[in-house]
Amino acid sequence: MQKLVIQGGLPLTGEIAISGAKNAALPLLCASLLTQQSLRISNVPALQDIVTMLTLLRLIGLEVTQPDVGNVILSARNLTNLTAPYEMVKTMRAAILVLGPLLARAGEANISLPGGCAIGLRPVDQHIKGLQAMGASIQIKHGYIHAVANKLHGARIVFDIITVTGTENLMMAATLAEGVTILENAAREPEVVDLANCLNAMGAKIQGAGTDIITIEGVSSLHGAEHDVMPDRIETGTFLVAATATGGEVRLKNTDAHLLDAVIDKLLEAGAEICTDDNCITLKMRDKPKSVNVRTAPYPAFPTDMQAQFMSLNCIAAGTAIITETIFENRLMHVQELKRMNAEIEVEGNTAIIHGIQQLDGANVMATDLRASASLVIAGLVAQGETVIDRIYHLDRGYENIEGKLSALGAKIWRV
Ligand code: EPU
């Protein structure tokens, strides 16, 4: 099994380019199921989750070509298999995103029910409830969601809880439904907006994406289009935190500061100097960071996907911080690993109290999920001595060439 070795203590300095967003690219690839014509997606990051999604789409019958790095052309002329098997859904929960488009286009879908995962229970009841309201008949049998609908119809759906992939699944399904669908209490994440923009370029009629009410007027068919994946706001935030924690100076290209307001506010509070222009963010950290309290919530508030990274920052900051995770039930797994590096953290329920210390110690630690892994990388970069991170396949799911990018910023990091 591969591991990452980090020799800590060096400030990150220099310039790197941010990749396309994993959580935008995954639903965009699934949008190709909605048309017989070709969909060309560019700025697709080279990540394990993307490989898994393309494997699933090929299994369903899509022709997938990758003419060059970052470009994918998908053609769903014939759908030969309407099943997403357990082996795929268990490695990547985002496979649930084929449910809505498959049902809308082919009238049937058979998707393995995702189980719980490292960060929480993560049920998909809202996806199912929405599709039922649109006329689908859904049965759970032998661990699979079996959905059938001759023709979906528009409906007014009020989500009980804000769900990102739930909003995306129903938005995709509604593009081909008969009549108007209104999604209320919808997720406002920028990845939802990116998907809506692509679907509209394919001929869909979607209004309100980015607000909590999205209106979709169904059309009889969608056509091919070209779409550029938005920048990865979580990768951007992760590098900004790493530079803040190490006292560095970095320039991140191909990104967009507007996607990160809540994160940038917290970094300013921690003492970072930040300049932004069209598609660049420059961050300089002169002093030791100050502790910052964080409470995760749906966009535009502070993202759960940045919580673990701020935990590492607070470990070496001046003062005491409180971090509260409100989205997932079990997303503080990194705390035990950070404690192995000497961090002073107490956990009560979904709240962590972090007492900043002078220095973390390098140690052997284990990655437990994608963002927890990122927090351990940041901890390793600031720690004294060597940190070895095990189970880094989690990182490869969501960070393109992380050790290459960190090395370009002067870090001593390598894979063994
Ligand atoms: N939820 C339900 N019922 C549902 C759907 C969700 O109870 O039917 C609950 C979840 O259990 C969770 C909360 O609602 O407690 C929010 O979950 P959501 O559905 O929004 O999460 P998701 O769509 O499965 C996406 C990202 C996650 C990110 C969350 C929250 C993708 C592919 N994944 O997941 O990204 O943490 O939104 O912003 O877009 C990551 O990249 O590391 C990652 C986990």
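Predicted model: local features only at pLDDT ≥ 70, side-chain atom pairs only at ≥ 80, totals over all residues.
Colleague: At what angle do the axes of helix 8 and helix 10 cross?
Modeller: The axes of helix 8 (residues 233-246) and helix 10 (residues 307-315) cross at roughly 5° and come within 10 Å. Helix 8 is therefore roughly parallel to helix 10.

Colleague: Which residues meet there?
Modeller: Helix 8 contributes Ile234, Thr238, Val241, Thr244 and Ala245, and these meet Gln309, Phe310 and Leu313 of helix 10. By class, this contact of helix 8 with helix 10 has five nonpolar residues, three polar and no charged ones.

Colleague: How many residues of helix 10 are buried?
Modeller: Nine of the nine are buried, so helix 10 is largely enclosed by the rest of the structure.

Colleague: How many bridges join strand 3 to strand 14?
Modeller: Four bridges join strand 3 (residues 38-42) to strand 14, and the two strands run parallel. Within this pairing, Arg40 has Glu226 as its bridge partner.

Colleague: What about the backbone: which residues does a cis peptide bond join?
Modeller: Tyr299 and Pro300 are joined by one, with omega about 10°. Pro300 lies in the loop between strand 18 and helix 10.

Colleague: And what is phi of His142?
Modeller: Phi of His142 is near 55°, a positive value in a residue other than glycine. His142 is in the loop between strand 8 and strand 9, and His142 is exposed, with a relative accessible area of 79%.

Note on methods
Residues numbered from 1 in each chain as written. Heavy atoms only, no water. Axes fitted to C-alpha atoms, helices over the stretch in contact; angles between N-to-C directions. Parallel < 35°, antiparallel > 145°, perpendicular 65-115°, else oblique. Contact = heavy atoms within 4.5 Å. Nonpolar A, V, L, I, M, F, W, Y, C, P; charged D, E, K, R; others polar. Buried < 20%, exposed > 50% of the residue type's maximum accessible area, 1.4 Å probe, protein only. Pairing = 2+ DSSP bridges.
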